[in-house]
Amino acid sequence: MTGLAHADTVGCVTTAWKLVGANHKVCVEAFHDAKVPGVTCHVSQARTGGVSGSLGLAQDPSQFSLACRQTGPITLPAKLPESDTVFSEDTSVLFKETRVVRLWDKANNTLVYVAISRKLIDGAPANSISTVPVMPWGGR
């Protein structure tokens, strides 16, 4: 999975205070689709705090949300795959990840982004989607 987007942390909101270790929180990250300029996605994910979370040993829950928008002129590559992983982030030390896959809905001229949570051992159905219609940008 080369060419995956790099996410920048926008910020975090504390959801529960912990006496020892980091607080539980929801963090928002932003990334640009590396193969489709003009699209920015934001993904929010729950982060487990406490001692295990502070040490990086906690398994974050499969709770997230995804929003993708046109933030500039969209330039589609000549050969856009029907499905392509654009973002992946580990959410535990036990092979769990959040992955964002871009689908191309050619009939509706729309990019569809699907966030899924998965374990390599047994899949999880947690998911979220966002769509970006490909439209002219600016003064056209």
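These notebook entries record what I looked up in one predicted model.

**Entry 1. Ground rules**

I worked from a predicted model, in which local features need pLDDT of at least 70, side-chain atom pairs count only at pLDDT 80 or more, and totals for chains, interfaces and linings use all residues. I numbered residues from 1 along each chain as its sequence is written, and side-chain values use heavy atoms, with hydrogens and water left out.

**Entry 2. The sheet**

I began with the strands, which are DSSP runs of E with at least two residues, numbered from the N terminus. Two strands pair if DSSP finds at least two bridges between them. I found four strands in an open sheet, in the order 1-2-3-4, with antiparallel pairing. Strand 1 and strand 4 (64–70) stand at the edges with a single partner strand each, so one side of each has no neighbour in the sheet. From one strand to the next, the twist averages 15°; the axes behind such angles are lines fitted to C-alpha atoms, and the angles run from 0 to 180 degrees between N-to-C directions.

**Entry 3. Partners of strand 2**

I then followed strand 2 on both sides. Strand 1 (residues 8–16) pairs with strand 2 (residues 24–32) over seven bridges, in the antiparallel sense. Strand 2 also pairs in the antiparallel sense with strand 3 (residues 39–47), over eight bridges. I noted that Cys12 stands opposite Cys27 in strand 2. Lys25 in strand 2 stands opposite Thr14, and the bridge partner of Lys25 in strand 3 is Arg47. Strand 2 and strand 3 form a hairpin with six residues between them. In its turn, Gly38 has a positive phi of about 100°.

**Entry 4. Salt bridges**

I looked next for salt bridges (a side-chain nitrogen of Lys or Arg within 4 Å of a carboxyl oxygen of Asp or Glu). The structure holds three. In one of them, the side chains of Asp33 and Arg102 meet at 2.6 Å, N to O. Asp33 lies in the loop between strand 2 and strand 3 and Arg102 in strand 6 (residues 96–105), so this pair ties together parts 69 residues apart in sequence.

The side chains of Asp84 and Lys35 meet in a salt bridge at 3.0 Å, N to O. Asp84 lies in strand 5 (residues 83–90) and Lys35 in the loop between strand 2 and strand 3, so the pair joins parts that are 49 residues apart in sequence. Asp84 and Arg102 also meet through their side chains, at 3.7 Å, N to O. That pair links strand 5 and strand 6, 18 residues apart.

**Entry 5. Buried or exposed?**

I classed residues by relative accessible area (buried under 20%, exposed over 50%, partly exposed in between; 1.4 Å probe, protein chains only). Arg102 is buried at 0%, and Asp33 is buried as well. Asp84 is buried at 16%, whereas Lys35 is partly exposed at 38%.

Leaving out residues up to four places away in sequence, I listed what Val100 touches (heavy atoms within 4.5 Å). Among them are Phe31, Leu66, Asp84 and Tyr113.
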